[in-house]
Amino acid sequence: MQEKKVPLRIDGKDYECDAGITILDACVKAGIHIPTLCYLEGLSQEAACSICLVEVKGAKTLLRSCVTPVGKGMEIFTNTPRVRNARRLNLELLLAGHPKDCLVCDRNESCELRKLAFDMGIRDIRFPKTQESELPSDNTSVSLSRDPNKCILCGRCVSVCSAVQSVKAIDFSGRGKASKVTTFFDQGLANSVCVNCGQCLLVCPTGAITERSSIARVWEALADPRKFVVVEVAPAVRAAMGEEFGMPAGTLVTAKIAQALRKLGFDKVFDTQFSADLTIMEEGHELIQRIKNNGKLPLITSCSPGWIKFAEHFYPEILGNISSCKSPQQMFGAVAKTYYARKYNIDPRNMVVVSVMPCTAKKFEALRPEMMSAFDYWKDELGLAEPEAFYDVDYVLTTREAARLIKEGGIDFLNLEGEDFDEPLGISTGAAVIFGSTGGVMEAALRTAYEVLTGRQLEKLDFMNLRGLDGIKTAEVDIDGLKLKVAVANSLGKARPLLEEVKRGSSPYVFIEIMTCPGGCIGGAGQPIPTDEETRTKRMEAIYREDKNKTLRKSHENPAVQALYKEFLGAPLSEKSHHLLHTSYKKKETVF
Ligand code: SF4
Ligand code: SF4
Ligand code: SF4
């Protein structure tokens, strides 16, 4: 019988740990720090960086702690001169081929490679430059850019893309010096199955993967006196932006964000939560309609653009199950450039909509050709020709980019007192806030569906079994004897089993929420780095705190959304709603 616990000695102290774990895991559990650049908890290890070396009594060579299992009575040394020198040597070899662009590198403050070099006392590199000529970057994607010159071949991005997202858009190619991470036939991310989720960026220890920045174009718009520039801020941003300014994860900075953006010169500072409430009105009614009319079920949520592209590549058979609702970002743009523009007499051609999102895939979503509903709405009335076409959302900034904009604008974020969002597109309920976390869209939709279906007030608003960071959550909701089975998945890898059931026609659920990123939008790739289990948990707690503190907690109670229907749209799922707030999906070619 295999022993469950094994005794061992680390740096002269006795420990007992689980049999079969690695030396690295044993050291972490013992509170001993081992530096690494490729290790990612819970994922298969490439053991590529060779920084995590340790000395084991009796072993001829130093061992890589991330792939060496512990043994009974093992004596491990993590901090001898031999260990330190070998780690430094390996790091110097990595740095010899690396550009020294730290001053102008996007990842300067969050770069693990730069920090490790400093912490390990490297002030000089003894080896000649190993990379002679500069390799071309992959700038094909509108969301992400990949610079192979800054890649240290750690393999984290490949692991995440494959094991967490099950997309497999990138892999290693070539050998030795020619080794690199690339897409199928080196065609670039835009021509691959990449869904723009950016989870590879979040785990990259260097500046090799970055978002395509829109900061310069936003500054240009703000400086143009002819433009009426409005900004919308996604729910998850308020639980994370503070981290960019040194605040602890999970600090709510909603009011500070509104004030900072106003100070930067935005003409109106609005809230994507307004259109999250609107999404619930449309999607909740779509669900009710499908249930009542024997429509296609389960209905699957549509607000996460990485998931939509994933479905178009890998699950074209079930596109009819996905809600036709646009995401809150896109609903906002369409409403701002039609309803708001008409109400306040603003020429939609001069309106610029900027969104602040926790997500890199939102950059791709905003540029989908079908996201020009406001142009279609106005074109006859204003006599617009096709070359004058404009998008509903013009520029998407990630949380990190928005923080940079605020820093560049010289705003003392930490000492802002805070202000409210502007009305009417800044009014929202607690149901909209929880869109930021996995399970939130489902919970928000159920709060509204229950009251619309029964005509009675829902007493218990918190659906606790839909909360938390588990990959898949399920629940059965009783609405006046109507038992609705629902499921929630976060990350595309976790969504796959649910989708296979839908494809086979054996899904027991009527409604499924799918979020592309682990944890939902709080764990999006546009969020501050690091985004890990601990930061996700704290941001999630902040989201539910904000919900609890809101006076209104159900989307259908939002007075600004009610006014929008009364003054402009008519009713949920009306013809105008369909034109402006709904979309359709197409099968995409999938190449490997
Ligand atoms: S990736 Fe890191 S080490 Fe490399 S240039 Fe950027 S900040 Fe410096
Ligand atoms: S953005 Fe997502 S899908 Fe694309 S390569 Fe990175 S992890 Fe893979
Ligand atoms: S791109 Fe980043 S995560 Fe991927 S192998 Fe290179 S350094 Fe590692």
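How many nonpolar, polar and charged residues make up the shell around ligand 3? By class, that shell has 10 nonpolar, two polar and one charged residues. Here Ala, Val, Leu, Ile, Met, Phe, Trp, Tyr, Cys and Pro count as nonpolar, Asp, Glu, Lys and Arg as charged, and the others, Gly among them, as polar.

A word on conventions before we go on. The model is predicted: local features need pLDDT of at least 70 and side-chain atom pairs count only at pLDDT 80 or more, while totals for chains, interfaces and linings use all residues. Residues are numbered from 1 along each chain as its sequence is written, and chains are lettered from A and ligands numbered from 1 in the order in which they are written.

**Ligand shells**

Of the 13 residues around ligand 3, C151, C154, C157, C204 and A208 come nearest; a residue is near a molecule if its C-beta atom, placed from the backbone, lies within 6 Å of it. Ligand 2 is surrounded by 14 residues, the closest being C161, V167, C194, C197 and C200. Its shell holds 10 nonpolar, four polar and no charged residues. Helix 4 (156-164) and helix 5 (199-203) each supply at least two residues of this shell. Helices (H or I, at least four residues) and strands (E, at least two) are DSSP runs, numbered from the N terminus.

**Domains**

The protein chain is assigned domain 1 (5-79), domain 2 (95-211) and domain 3 (215-581), with bounds from an automatic or database domain assignment. Between the C-alpha centres of domain 1 and domain 2 there are 26 Å. Nine residues of domain 1 are in contact with 13 residues of domain 2, contact meaning C-beta atoms, placed from the backbone, within 7 Å. On the domain 1 side, the touching residues are seven nonpolar, one polar and one charged.

Helix 7 (residues 254-264) has the buried residues T254, K256, I257, A258, A260, L261 and L264. A residue is buried if 20 or more other C-beta atoms lie within 10 Å of its own, exposed if 12 or fewer, and partly exposed in between, with C-beta atoms placed from the backbone. Their cover includes helix 6 (215-223), strand 10 (228-233), strand 11 (268-271), helix 13 (399-408) and helix 17 (533-549). After helix 7 comes G265, with a positive phi near 110 degrees.

Four strands form an open sheet in the order 12-17-16-15, with mixed pairing. Strand 12 (299-300) and strand 15 (472-479) are the edge strands, each pairing on one side only; strands pair if DSSP finds at least two bridges between them. Strand 12 runs parallel to strand 17 (residues 511-515), joined by two bridges, and I300 stands opposite I512. Helix 15 (residues 440-454) lies across strands 15, 16 and 17, at about 10 degrees to strand 15. Helix 16 (residues 492-504) lies across strands 15, 16 and 17 too, at about 145 degrees to strand 16. Such angles run from 0 to 180 degrees between N-to-C directions, with axes fitted to C-alpha atoms, for helices over the stretch in contact.

**Backbone features in loops**

Most residues other than glycine have a negative phi, and most peptide bonds are trans. Some exceptions follow.

| Feature | Value | Loop |
|---|---|---|
| L297 to P298, cis | omega near 0 degrees | P298: helix 8 (272-292) to strand 12 |
| I529 to P530, cis | omega about 10 degrees | P530: strand 17 to helix 17 |
| D480, positive phi | about 50 degrees | strand 15 to strand 16 |

F185 counts as exposed because it has 11 C-beta neighbours inside 10 Å. D480 counts as exposed with 9 such neighbours inside 10 Å.

Notes: Two residues are in contact if their C-beta atoms, placed from the backbone, lie within 7 Å.
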